[in-house]
Amino acid sequence: MSVHDDLTTAQRCLDDLARSVGRLEQQLGSSGLEMRRVRTDAEHLRESLALLRAAVSHPGSSRGPELVTIPDTPYDDSLWIDTDDEGLGARGRHAP
């Protein structure tokens, strides 16, 4: 079986699960905490499978963010004019 066949089979099983959860809700009611948890878990599974399908169909898009190189050279001191040192206050000023 290919990955797409397995994903399709998993989708069919999740569809069956959603139908079964719906029938259980009709019989037991949807107000109980346990029923809400089951419904929410089933929805999370559907969302996760949809994300997995998207990742498989677009394999290049699952890469992480592009890395940005930060140079080792010191920053320009003019960036820090009129700034406060955290916990120490402004430069050149003294506590009263």
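In which crossing, left-handed or right-handed, does α1 pass α2?

## Basis of the model

This is a predicted model, in which local features need pLDDT of at least 70 and side-chain atom pairs count only at pLDDT 80 or more, while totals for chains, interfaces and linings use all residues. Residues are numbered from 1 along each chain as its sequence is written, and side-chain values use heavy atoms, with hydrogens and water left out.

The mean pLDDT (the predictor's confidence in each residue, from 0 to 100) of the chain is 83, and 80% of the residues reach 70 or more. Confidence is highest in α1, at 92, and lowest in strand β2 (residues 89-90), at a mean of 62.

## Elements and helix pair

The chain has two helices and two strands, which run α-α-β-β from the N terminus. Helices (H or I, at least four residues) and strands (E, at least two) are DSSP runs, numbered from the N terminus.

The axes of α1 (residues 3-28) and α2 (residues 33-57) come within 10 Å and cross at roughly 160 degrees. Axes are lines fitted to C-alpha atoms, for helices over the stretch in contact, and angles run from 0 to 180 degrees between N-to-C directions. The two helices are therefore roughly antiparallel (an angle over 145 degrees) to each other. The crossing of α1 past α2 is left-handed: the near helix is turned anticlockwise from the far one by less than a right angle.

## Residue Y75

Y75 lies in the loop between α2 and β1 (84-85).

Definitions and conventions: Angles under 35 degrees count as roughly parallel, over 145 as roughly antiparallel, 65 to 115 as roughly perpendicular and the rest as oblique.
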